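Please keep the sequence and the structure at hand while reading.

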Amino acid sequence: MNLLTFKEKIIPLDEWVQDFVDWLVFNHRDIFQAIKAPIELCLKGFEWFFTTLPPVVVILLFAIAAWRFAGKRVTVFSIVTFLLVGYLGLWEETMTTLAMVISSVFFCALAGIPLGIMSGRSDRFELMLRPALDAMQTIPPFVYLVPVVMLFSIGTVSGILATIVFALPPLVRLTSLGIRQVHPELIEAALAFGATPWQVLRKVQFPLAMPSIMAGLNQTLMMALSMVVIAALIGAGGLGNPVVQGLNTLEIGLATIGGLAIVLLAMMLDRITQGFARR
Amino acid sequence: MSREVKVAVNNLFKIFGPHPKKAMALLRDGLDKEIIFEKTETTVGVQNASFEIYKGEIFVIMGLSGSGKSTMVRMLNRLIEPTAGEVLIDGENIVSKSDEEMVKLRRAKLSMVFQSFALMPHMTVLQNAAFGLEIAGVDKETREARALQALEQVGLEAWAASKPEELSGGMQQRVGLARGLAVDPDILLMDEAFSALDPLIRTEMQDELLKLQAKAKRTIVFISHDLDEAMRIGDRIAIMEGGRVVQVGTPEDILQNPADDYVRAFFRGVDPTNILTAGDIASDTQVTIRITDGRNPRAALQRLIKNDRDYGYVIDSEDRFQGIVSTDSLRELIERTDSEHLLKNAYIKEAGSANATDSMQEILPEVASHPWALPVLDEDGRYLGAISKNLFLRTLHRGHQEEQAAVAASNEGEY
């Protein structure tokens, strides 16, 4: 056998992965369905909130948030954005996307901030985590869409899970960076006064890493929005739908308004959250 | 003053780097720290340091950068783990304590002031001052009351609601000091606490510290690279060089008997008149006349003539200084017929005296303006000795000579 001609496949990794996922789906689908439950609950909650509220109230809520955190211009921009998506006939899709994005960010924060803190405090943990984060950021989402669908079935929850994979790394990295940027003298001072490691985290590191963590949350939010179209491919619904539909049927107009709504929504959420982070 | 030992450091070592055990073995074999670094890539931070710090004193650890003084102070509260040796606080060896016990000990007995201030930028001045108490779990009302008291001590109560960044460097360090004082520590560690401040503010802060120390005698361990600072505030000074403690003593001790050239070089350029006191240089070579056996001016005169001296120092039975007589004033008294022949009638009227704690600078006018040696008294008025012009000049000259010798030595080294 000639090992260096590369004429034939020696390592059948593709088959192994295939078999592994098949085995998981066949034997342990119930576990994955259980994982779905909290995400589904969170998503349904937000979706219910945004869809049952009269549109005027939703616009008002965002306008108030923009006014408090980001100023007059962002307030006007928010109102115009909502009016426009409403008049474009995309109100319901926008609300679904909002619920999905907020749920994604919520679960990203739940996992990402603790992971970031741990990797900020331990070089070894960071070293272990780094390849995983690199993989999550660079693997094309199409690669993990199929197994996600196989394990969690089609729908918005799968969309959220795919989004989490994609949007989690910047939050972990920026949280870790924030923790590491705290001046060592401050930690030394806290220790000198008899602080326990937990107190050092709670009273010194975490509050001082807050700006960096907020920047991470903002990045996560932006990346979650950029996943909206891909999530629509696995039936997540929302603003990705018109874009996917437009692509499939070559209706350029439909794709355009979907894309426009996503961009406007992203800009609005970015400005409001950045304003919030600055406070 | 009580000499109760508060902190004892015994054969303390700190070795940084990958092979502390190997380095320790080489150190025991008597190798140099440079050679050890070449062989093992291991840095000797502190080697075989032993000294005692007494309760209620300001103990200055002085040395140039890299001498291991910052490492030393951090081993006293175990922010840095010693490699070998022991640190006893109130007789308890803290090196063998667990992390939990160390947390308790730091809360109960220690606090620290940092060169970079190390104030929490996200907290107000009041919250910063209350930080140690917050860590110790003191409730909000109590800790803020105590923090406010501490801020009052350093004159910053009006700034309680400000953020540290709004304050000048000197004020920030006052907050740092207030934070250290608020927990009412047994031992206050000050790591180059005033080094980042400009000279005027630094002097002001030193005065502030001395004032606070006069009110409540704390044990203060003060790290400094500044000799003037060490001399001003230190009750005793430890001098470190290359991780070793080369000399421990009062500023006067070290100035008068430097242990080696390194210590001597430190004092080059130091004006001895600022540091040496009258008590340090007074000599008791003058003739003293006890008032009990010298009722008779004639006997006193005899004693002076016999010792070939012009002036005599009259003391009572308890050594208390009474006055100065001269051969001239005694003769004059003996020849007079209008007054009693009592010794006190022969005292020189212009003769003054100095306290043992007066600096050389302060006594200079008195020494210079009279032909007799200036008597030096202790706090109870007892005669300790006297300082003649000659003695004064010799002291100055010796300082000068040492300076020149040190300059010559360093010049030789350069060429």
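## A buried methionine in chain B

Met120(B) has a relative accessible area of 0% and is therefore buried, since that value is under the 20% cut-off. The model in which this is seen is a predicted one. Met120(B) belongs to the loop that runs between β6 (110-113) and α5 (125-129) of chain B.

Which residues is Met120(B) in contact with, leaving aside its neighbours within four places in sequence? From chain A, the contacts are Leu186(A), Ala189(A), Ala190(A) and Val204(A). From chain B, they are Asn128(B), Phe131(B), Pro164(B) and Arg179(B).

## Chain B as a whole

Chain B contains 18 helices and 16 strands. Of its 415 residues, 51% are buried. The C-alpha trace of the chain spans about 85 × 60 × 40 Å along its principal axes. The radius of gyration of chain B is 27 Å, whereas a compact globule of 415 residues would have a value near 22 Å.

The contacts within the chain may also be described by separation in sequence. Among contacts in chain B between residues at least 6 apart in sequence, 65% join residues that are at least 24 apart.

## Helix α6 of chain A

Helix α6 of chain A comprises the 12 residues 141-152. At 1.5 Å a residue, such a helix should span 16 Å, and the 15 Å between its end C-alpha atoms agrees with this expectation. Directly after α6(A) comes Ser153(A), whose phi is positive, near 60°.

Which residues of α6(A) are buried? They are Pro141(A), Tyr144(A), Leu145(A), Val148(A), Leu151(A) and Phe152(A). Viewed down the helix axis, the buried residues of α6(A) fall within an arc of 140°, so they line one face of the helix. The cover over these buried residues includes α1 (13-52), α7 (156-180) and α10 (228-233) of chain A. On the face turned away from the buried side, α6(A) carries the exposed residues Phe142(A), Val143(A) and Val146(A).

## Aromatic pairs

Over all chains, the count of aromatic pairs comes to 14. One of them is formed by Phe32(A) and Phe152(A), which are edge-to-face, with 5.5 Å from centre to centre and 85° between the planes. This pair links distant parts of the chain: Phe32(A) is in helix α1 and Phe152(A) in helix α6 of chain A, 120 residues apart. Phe32(A) and Phe152(A) are both buried.

Another edge-to-face pair consists of Phe193(A) and Phe131(B), with 6.5 Å from centre to centre and 85° between the planes. Phe193(A) lies in the loop between α8 (184-192) and α9 (197-226) of chain A, while Phe131(B) lies in helix α6 (residues 131-135) of chain B, so this pair joins two chains. Phe193(A) and Phe131(B) are likewise buried. Phe131(B) is also one of the residues in contact with Met120(B). Elsewhere, Phe49(A), Phe50(A), Phe62(A), Phe82(A) and Trp91(A) form one aromatic cluster.

## Nonpolar cores

The largest nonpolar core has 71 residues, and those with the most contacts inside it are Phe62(A), Phe82(A), Leu98(A) and Leu269(A). Helix α4 (residues 91-121) of chain A contributes the largest share of this core, 12 residues. A second, separate core has 62 residues, including Val60(B), Leu133(B), Ala178(B) and Met231(B).

Which residues does Leu269(A) touch, not counting those up to four places away in sequence? Its partners are Phe62(A), Leu98(A), Leu221(A) and Leu225(A).

## Positive phi values at exposed positions

Phe6(A) is not a glycine, yet it has a positive phi of about 55°. It is found in the segment before α1 of chain A. Is Phe6(A) buried or exposed? At 67% relative accessibility it counts as exposed, because the cut-off is over 50%.

Leu250(A), likewise a residue other than glycine, has a positive phi near 55°. Leu250(A) is located in the loop between α11 (240-249) and α12 (252-278) of chain A. With a relative accessibility of 72%, Leu250(A) counts as exposed.

Methods:
Residues numbered from 1 in each chain as written. Chains lettered and ligands numbered in written order. Predicted model: local features only at pLDDT ≥ 70, side-chain atom pairs only at ≥ 80, totals over all residues. Heavy atoms only, no water. Helix = DSSP H or I, 4+ residues; strand = E, 2+ residues; numbered from the N terminus. Expected span 1.5 Å × (residues − 1). Buried < 20%, exposed > 50% of the residue type's maximum accessible area, 1.4 Å probe, protein only. Arc of directions from axis to C-beta. Contact = heavy atoms within 4.5 Å. Phe/Tyr/Trp six-rings, centres within 6.5 Å; stacked < 30°, edge-to-face > 60°. Core = buried A, V, L, I, M, F, W, Y, C linked by side-chain atoms within 4.5 Å. Rg over C-alpha atoms; globule rule 2.2 N^0.38 Å.
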